[in-house]
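Look at the sequence and the structure below.

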Amino acid sequence: MRNQIVAGNWKMNNTTSETEQLLNELEKQSLNQSVKVYVAPAFTQLSQAVRQLEGTPIKVAAQNMNAAASGAHTGEISASMLQGVGVHTVILGHSERRSLYAETNDSLKDKEMELIFCFGEELEQRKENNHFEVVRAQLAVLFELPEKAWDQIILAYEPVWAIGTGETASPEQAQEMHAFIRKEIEENYNSSLAEKVVILYGGSVKPSNAQEIFSMKDVDGGLIGGASLKASDFAAIVNAF
Ligand code: PGA
C-alpha cells in the first residue's frame, strides 16, 4: 500500500511567535498515525520548526531551493543549507514559483533531498482541453531521472485554477488526472513504479472536502495551503482518510 501524506504549505505566513503557536496547537491535535504529516514553513522558521517538532512524527519541509550547490545566487538557499538545519524534504515547482518568479523545471537535480514536486494546468489550458498535455510536459523533466531517484519523489497535482481560489477540482477530475499520471509513469518506467509513487492533490482542500478527494483510488493525500494555517482544520484534513 502507498504512503498517505498530508503536507501543509504555509507559504509566506507565520513569524517566529506565530510558528511556535501554530506548532503548539498542532502538537495537541490527535493525528491519524498512519498518515505522514509535513509542514513547510518559510526558510527563516525552518530551524525553529525542526527543533520544536523533534520527537514528533511531523516532518519539516522547505518551500523551495536552488539547484546549484553554492555560489553567486543572491537570496537563494541550497540543498546542503537545508540539510544543515535538519530539513530533508523540499517542495519544488510550486505554481506560485512558476508564475510569480518565472521558475522552470530545468533546475531539477538530484540533491539527496526528498521532493514534493508540484505541477498542474491553468484554467485556460483546461478549458481548451490541453490539461493532460500540459501535465505531461511538466513531468518530462522527472522522466529523465533514473528509476532509483523516484524513491525520493512525491508528486503533487495542483491545478492552478484551484489554488487559493476556493474552487476545488471535483474528486472525479482529480482521480482522472492522477490515473493519467500513473499511466505516464508506467509508460516511462514500469507498472510497479507507477503503483508505488505517491500522488497528492492540492488546491483548496479543506476539512469539508478532504474525505471525498482522498477516497479516490489514485489520490494519496494532499498539499494544503490556506487550511494548513489553522491547526484544527489541518488536523481534520489529516484525519479525513
Ligand atoms: P490552497 O493552496 O490549499 O490554499 O489552495 C494549495 C497550494 O498552494 O499548495
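## Contacts with the ligand

The side chain of His-94 has an N or O atom 2.7 Å from an oxygen atom of the ligand. This is a predicted model. In Ser-204, a backbone N or O atom is 2.7 Å from a ligand oxygen atom. In Gly-226, a backbone N or O atom is 2.8 Å from an oxygen atom of the ligand. On its own, the ligand has 280 Å² of accessible area, and the protein covers 95% of this.

## The shell around the ligand

The ligand is surrounded by 13 residues. Lys-11, His-94, Glu-158, Gly-164 and Ser-204 are the closest. Sorted by class, the shell holds seven polar, four nonpolar and two charged residues.

## Ser-204

Ser-204 is not a glycine, yet its phi is positive, at about 55°. Is Ser-204 buried or exposed? Ser-204 counts as buried, because its relative accessibility is 16% and the cut-off for buried is under 20%.

## The largest pocket

The volume of the largest pocket is about 450 Å³. Its lining has 20 residues. Those closest to the pocket centre are Lys-11, Met-12, Gln-63, Arg-97 and Tyr-101.

Which helix gives the most to the lining of the largest pocket? Helix α4 (residues 95-100) does, with three residues. By class, the lining of this pocket has nine nonpolar residues, seven polar ones and four charged ones.

Arg-126 belongs to helix α5 (residues 123-127). Its relative accessible area is 14%, so Arg-126 is buried. The side chain of Arg-126 has a partner: a polar contact of 2.7 Å joins it to the side chain of Glu-121.

Asn-129 lies in the loop between α5 and α6 (131-139). Asn-129 has a positive phi of about 65°, although it is not a glycine. Why does Asn-129 count as exposed? Its relative accessible area is 57%, and exposed means over 50%.

Ser-204 and Asn-129 can be set side by side. Ser-204 has a positive phi and is buried. Asn-129 has a positive phi and is exposed.

How values were computed
Residues are numbered from 1 along each chain as its sequence is written. This is a predicted model: local features need pLDDT of at least 70, side-chain atom pairs count only at pLDDT 80 or more; totals for chains, interfaces and linings use all residues. Side-chain values use heavy atoms; hydrogens and water are left out. A residue is near a molecule or strand if one of its heavy atoms lies within 4 Å of it. A polar contact is a pair of N or O atoms within 3.5 Å; within protein, one must be able to donate a hydrogen and the other to accept it, and residues adjacent in sequence count only if both atoms are side-chain atoms. Accessible areas come from the Shrake-Rupley method with a 1.4 Å probe; for residues, only the protein chains shown count as cover. Ala, Val, Leu, Ile, Met, Phe, Trp, Tyr, Cys and Pro count as nonpolar, Asp, Glu, Lys and Arg as charged, and the others, Gly among them, as polar. On a 1 Å grid over the protein atoms alone, a cavity is a set of points where a 1.4 Å probe fits but cannot get out, and a pocket is an open set with protein on both sides within 12 Å along at least five of seven lines; lining residues have an atom within 4 Å of a point. Grid points are joined across faces, edges and corners, and a volume is the space filled by probe spheres set on the points. Helices (H or I, at least four residues) and strands (E, at least two) are DSSP runs, numbered from the N terminus. Buried means under 20% relative accessible area, exposed over 50%, partly exposed in between (1.4 Å probe, protein chains only).
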